[in-house]
Amino acid sequence: MSELFAKRTGIGFVLKAAGLVVIAWGIIQGCIFIISFGDSFSNGMGIAGFLNTIFTYSICGILIIGFGEVVDLLQNIHDQNDPKAQALQVMEANSHTVANTPIPLAAEQEIKEFYANQNIWADSILPSKNRDIFIVKVNGRTDYIELGGLTPKILTEEEATKYFE
């Protein structure tokens with residue numbers, strides 16, 4: 001279930017979350033219906049209305065979640081045909097293979113200080129095959145930071161792919 005709601009694209013994630021909200025709203029509406037009209041429909045109409053409401057909202061919510069999954073799948077197809085996106089995926093995959101390599105304390109402090117000056121919190125810092133390049137997860141995006149100059153430098157996608165080709 002957590003794999004279904006992994007944030008691959010912003011629009012896909014929002015659609016999936018909206019689908020869950022629709023399903024939850026249907027359950028709330030069904031409960032309100034059964035509480036309001038349950039006594040007046042003692043012949044089972046209250047339960048039928050409850051189930052009708054829940055099923056209607058559930059089907060709509062599942063369709064919205066499905067549209068979100070379609071958006072994610074289309075983005076994956078687009079990324080497979082885009083050489084820049086493929087290079088970035090290879091870089092991230094390679095970073096997980098060298099993830100057991102410890103990050104030098106000075107480099108970690110320099111990166112954290114760089115983001116602290118911008119009032120941003122770095123979620124995680126991963127090493128790469130190039131000892132001067134680090135992969136930093138920040139606010140749901142991935143930055144490639146080059147150390148070794150006077151100040152850390154955020155690399156563009158083109159610069160990052162140049163280092164790892």
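Predicted model: local features only at pLDDT ≥ 70, side-chain atom pairs only at ≥ 80, totals over all residues.
**Helix α1.** I began with helix α1, which runs over residues 10-37, and found that its 28 residues reach 40 Å from the first C-alpha to the last, close to the 40 Å expected at 1.5 Å a residue. I then listed the buried residues of α1, which are G12, K16, G19, I23, G26 and G30.

**K16 and its partners.** I looked up K16 next, and it counts as buried because its relative accessible area is 0%, under the 20% cut-off. K16 forms a salt bridge with E69, with the closest N and O atoms 2.9 Å apart, and this pair links helix α1 to helix α2 across 53 residues of sequence. E69 is buried, as K16 is. I also noted a salt bridge from K16 to D72, where the closest N and O atoms are 2.7 Å apart; here the two residues, again in α1 and α2, are 56 residues apart. D72 is buried at 1% relative accessible area, and K16, E69 and D72 are linked in a network of salt bridges.

**Other salt bridges.** My search of the whole structure gave four salt bridges. One of them joins R141 to D143 at 3.2 Å between the closest N and O atoms; R141 is partly exposed at 36%, whereas D143 is buried at 7%.

**I54.** I placed I54 in helix α2, residues 45-81, and found it buried, with a relative accessible area of 16%. Leaving out residues up to four places away in sequence, I54 touches G26, I27 and G30. I also checked I54 against Q29, which lies 25 residues away in sequence but 7.7 Å away in space, C-alpha to C-alpha.

Key: Residues numbered from 1 in each chain as written. Heavy atoms only, no water. Helix = DSSP H or I, 4+ residues; strand = E, 2+ residues; numbered from the N terminus. Buried < 20%, exposed > 50% of the residue type's maximum accessible area, 1.4 Å probe, protein only. Contact = heavy atoms within 4.5 Å. Expected span 1.5 Å × (residues − 1). Salt bridge = Lys/Arg side-chain N within 4 Å of Asp/Glu carboxyl O.
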